[in-house]
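Colleague: I'm new to this one, and I'd like to learn how to read it. Could you walk me through it feature by feature?

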Amino acid sequence: SEEFSIDIYKSSRKETSKSKQSYILAEKYKQLGGVLVLCTQQRYAENFAELYLDKEDISKAEQLKILPLLELIETEMGKDSLLYKVLLKGCAYHHSALPLNIREELEDAIRHGYIKVVAATTTLAQGMNFPIATVIFQGMAVPQGNYSRKMLASEFWNIAGRAGRALVDKEGHVIAVCSNDEQEEQFRDYL
């Protein structure tokens with residue numbers, strides 16, 4: 001596999017910079033297939049998706065493929081909703097606060113490969129079998145009540161194991177965006 005370097009700059013606000021770093025990686029890796037960006041909180045998934053607002057709209061042909069989803073979101077959440085806007089840019093976010101019918105329609109679109117980049121919490125990642133080539137961990141924690149705890153190795157691998165589509169990819173890619181030595185150490189421990 002080819003070597004490449006990606007310019008990931010440092011920023012003072014950790015989650016903002018993690019979103020930006022994940023975005024740069026997602027844009028690079030989506031050429032290989034679907035990308036799941038795993039976010040530790042619902043708002044981080046939405047923050048990540050917001051970075052897509054500046055992008056060009058996807059083609060009319062691509063919009064047609066997700067038309068039922070767009071129409072559903074327009075009805076339930078409105079055309080001004082973040083989800084509607086970012087879908088037109090080729091990105092989606094998924095978490096348990098979204099209405100169930102929208103989540104199901106979203107999962108369907110991901111399963112068919114109509115959405116290349118999805119930012120999601122563990123709700124989606126643990127419960128679903130969908131075609132993705134790359135998993136980017138924006139964080140390796142799991143919310144628990146008012147605080148969060150480190151993922152168990154089994155939880156990490158449950159999600160990481162979804163990278164690489166059966167009978168399609170020779171390999172899957174698992175990336176962790178770490179903002180300190182402790183997180184890097186945690187990633188190495190899982191590996």
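**Reading the model step by step**

Modeller: Let's begin with the overall make-up: the protein has 9 helices and 7 strands. Keep in mind that this is a predicted model. Buried residues make up 46% of the 191 residues.

Colleague: Of the contacts between residues at least 6 apart in sequence, what share joins residues at least 24 apart?

Modeller: That share is 69% in this protein.

Colleague: Let's take a helix, then. How do I read which side of it faces inwards?

Modeller: Here's the general idea. An α-helix has 3.6 residues a turn, so residues three or four places apart point the same way. Now for the case here: helix 4 spans residues 67-76, and its buried residues are Leu69, Leu70, Leu72 and Ile73. They sit on the same side of helix 4, because they cover an arc of only 160 degrees around the axis.

Colleague: What do the buried residues of helix 4 pack against?

Modeller: They pack against three helices: helix 3 (60-65), helix 5 (82-87) and helix 6 (100-111).

Colleague: And which residues are buried in helix 2?

Modeller: In helix 2, residues 42-50, the buried ones are Tyr44, Ala45, Phe48 and Ala49. Their arc around the axis is only 140 degrees, so they too lie on the same side of their helix, helix 2.

Colleague: Back to helix 4. Is glutamate 76 buried, exposed or partly exposed?

Modeller: Glutamate 76 belongs to helix 4, and it counts as partly exposed because its relative accessible area is 42%, between the 20% and 50% cut-offs. Leaving aside residues up to four places away in sequence, glutamate 76 touches Pro99, Asn101 and Ile102. Glutamate 76 and asparagine 101 are 25 residues apart in sequence, and their C-alpha atoms are 9.5 Å apart in space.

Colleague: What comes just after helix 4?

Modeller: Look at glycine 78, which takes a positive phi of about 95 degrees.

Colleague: Now the rings. How do I read an aromatic pair?

Modeller: A pair of aromatic rings is described by the distance of the centres and the angle of the planes. This structure holds 6 such pairs. In one of them, phenylalanine 137 and phenylalanine 156 are stacked, at 4.5 Å centre to centre with 20 degrees between the planes. This pair links distant parts of the chain: phenylalanine 137 is in strand 4 (residues 134-137) and phenylalanine 156 is in helix 8 (residues 153-160), 19 residues apart. Both phenylalanine 137 and phenylalanine 156 are buried.

Colleague: Why is the pair of phenylalanine 156 and phenylalanine 187 edge-to-face?

Modeller: Their ring centres are 5.9 Å apart and the planes stand at 70 degrees, so the pair is edge-to-face, the cut-off being over 60 degrees. This pair also links distant parts of the chain, with phenylalanine 156 in helix 8 and phenylalanine 187 in helix 9 (residues 181-190), 31 residues apart. Phenylalanine 187 is buried, as is phenylalanine 156.

Colleague: Which residues form the aromatic cluster?

Modeller: One cluster takes in Phe137, Phe156, Trp157, Phe187 and Tyr190.

Colleague: Next, cysteines. How many disulfides does the structure hold?

Modeller: A disulfide is a covalent bond between the sulfur atoms of two cysteines. The structure holds 0 disulfides. For cysteine 39, the nearest cysteine sulfur is that of cysteine 91, 9.3 Å away, whereas a disulfide needs the sulfur atoms within 2.5 Å. Cysteine 39 is buried, with a relative accessible area of 1%, and cysteine 91 counts as buried at 0%.

Colleague: Last one: how do I read empty space inside a protein?

Modeller: Rolling a probe the size of a water molecule over the atoms shows where empty space is left. Here there is 1 cavity of 30 Å³ or more, and the largest cavity has a volume of about 40 Å³.

Colleague: Which residues line the largest cavity?

Modeller: The lining consists of Ile58, Ile66, Leu87, Gly90, Cys91, Tyr114, Ile115 and Lys116. Take leucine 87, which lies in helix 5: at 2% relative accessibility it counts as buried.

Note on methods:
Residues are numbered from 1 along each chain as its sequence is written. This is a predicted model: local features need pLDDT of at least 70, side-chain atom pairs count only at pLDDT 80 or more; totals for chains, interfaces and linings use all residues. Side-chain values use heavy atoms; hydrogens and water are left out. Buried means under 20% relative accessible area, exposed over 50%, partly exposed in between (1.4 Å probe, protein chains only). Helices (H or I, at least four residues) and strands (E, at least two) are DSSP runs, numbered from the N terminus. The arc is that of the directions from the helix axis to the C-beta atoms. Contact means heavy atoms within 4.5 Å. Rings of Phe, Tyr and Trp (its six-membered ring) pair if their centres lie within 6.5 Å; planes under 30 degrees apart count as stacked, over 60 as edge-to-face and the rest as tilted. On a 1 Å grid over the protein atoms alone, a cavity is a set of points where a 1.4 Å probe fits but cannot get out, and a pocket is an open set with protein on both sides within 12 Å along at least five of seven lines; lining residues have an atom within 4 Å of a point. Grid points are joined across faces, edges and corners, and a volume is the space filled by probe spheres set on the points.
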